[in-house]
Amino acid sequence: MAEIMICEPFELYNLLNQCSRVSRLAETNYLCLIDARDPEDYRTSHIITAKNVKMDSEGAFLLPEAVEVDSMQHVVVYDSNTSCLREQGRAVQCAQVLARASLNPVHIVRGGFQRFTALYTFLRTEKIIYTVTELENLKTYPVEIIAGLLYLGDQKQGMDSSILKDLKISAVVSISQSDAVESIKGNQTILNIPVADSVVSDLHSCLERICSFIGSHINMGSRVLVVSRQGRSRCSAVTIAFLIHHLKYTLEEAWKYMLKCKPSMRPNTGFLQQLSDWELHTMGTKVTDISEPNF
């Protein structure tokens, strides 16, 4: 039987917004998202791509139809407002059924539908059935690094006024040779850092300025989005540097945390060496061995 665990709303938000070439929600074995509320509540509104679970005549939850739970990378369930495993509500009861079939941990969203949709109103829907094409073309949002404060995305997301509005972004850090993000029509403060995604590019000399900019905004409770062209290398390197600077993470701790938020993140090898130098600059010692295979 798989382990049952609580997850935070922003962890589900990040799962829903992973993207390779298209949204990962189009992958058949990526995410099994189950709504354990009453069918009437589900039909009124639910989290995007969630399936409502059925019950037998005795009130026991059934496994979802046409879903191979044992092949799923991620299994997540929510009800109205369960917040801990001690509550024997619908989410916990449903998770126990799913855990008997799943090979991976089953996660229950803390605070359920009420808390998640209060934070991410734009991810509510009445739509029940999706075609593969619709799933591939779903809009993906920047991933959330520090809940309610720091986000990471690509240049296209940084120029999308609806995304900036939905996420209430106050400032954008664009790590790019282009000033395209500066053309967005909004009230965001823009910091453009013209650095190429090259192993010989100097990002290190800009990190103090970037971390100061991000820190000044999030310390006031304002939300910051960090972007680069593809949202994988430059913006990831900058965000890791900020975690080292602001949260006093080691490079290894920041790297592992970032992989949880965005598994496709990958600073180039030149930036990795500069992050090692930044760890030394910030902490006074090199704690992380970047020759380890996990880098």
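How much space lies in the second largest pocket? About 530 Å³, in this predicted model.

**View 1. The second largest pocket and its lining.** The pocket has 27 lining residues. Cys 19, Thr 140, Asp 154, Lys 156 and Gln 157 sit closest to its centre. Strand β9 (150-154) and helix α6 (155-158) each contribute at least two lining residues. β9 gives the most, with 3 residues. By type, the lining of the second largest pocket splits into 8 nonpolar, 10 polar and 9 charged residues.

**View 2. The largest pocket and its lining.** The volume of the largest pocket is about 780 Å³. Its lining comprises 27 residues. Nearest the centre lie Thr 49, Lys 51, Glu 65, Ala 66 and Val 67. At least two lining residues come from each of β2 (31-35), α2 (39-44), β4 (51-52) and α5 (132-136). β2 supplies the most, with 3 residues. The lining of the largest pocket holds 19 nonpolar, 3 polar and 5 charged residues.

**View 3. Ser 236 in helix α9.** Helix α9 covers residues 234-246 and includes Ser 236. Ser 236 counts as buried because its relative accessible area is 0%, and the cut-off for buried is under 20%. A polar atom of the Ser 236 side chain lies 2.7 Å from the backbone oxygen of Arg 232.

**View 4. Contacts of Ser 236 beyond its sequence neighbours.** Neighbours within four places in sequence are left aside here. Ser 236 then contacts Leu 152, Gly 231, Met 258, Met 265, Arg 266 and Pro 267.

Conventions. Residues are numbered from 1 along each chain as its sequence is written. This is a predicted model: local features need pLDDT of at least 70, side-chain atom pairs count only at pLDDT 80 or more; totals for chains, interfaces and linings use all residues. Side-chain values use heavy atoms; hydrogens and water are left out. Helices (H or I, at least four residues) and strands (E, at least two) are DSSP runs, numbered from the N terminus. Buried means under 20% relative accessible area, exposed over 50%, partly exposed in between (1.4 Å probe, protein chains only). A polar contact is a pair of N or O atoms within 3.5 Å; within protein, one must be able to donate a hydrogen and the other to accept it, and residues adjacent in sequence count only if both atoms are side-chain atoms. Contact means heavy atoms within 4.5 Å. On a 1 Å grid over the protein atoms alone, a cavity is a set of points where a 1.4 Å probe fits but cannot get out, and a pocket is an open set with protein on both sides within 12 Å along at least five of seven lines; lining residues have an atom within 4 Å of a point. Grid points are joined across faces, edges and corners, and a volume is the space filled by probe spheres set on the points. Ala, Val, Leu, Ile, Met, Phe, Trp, Tyr, Cys and Pro count as nonpolar, Asp, Glu, Lys and Arg as charged, and the others, Gly among them, as polar.
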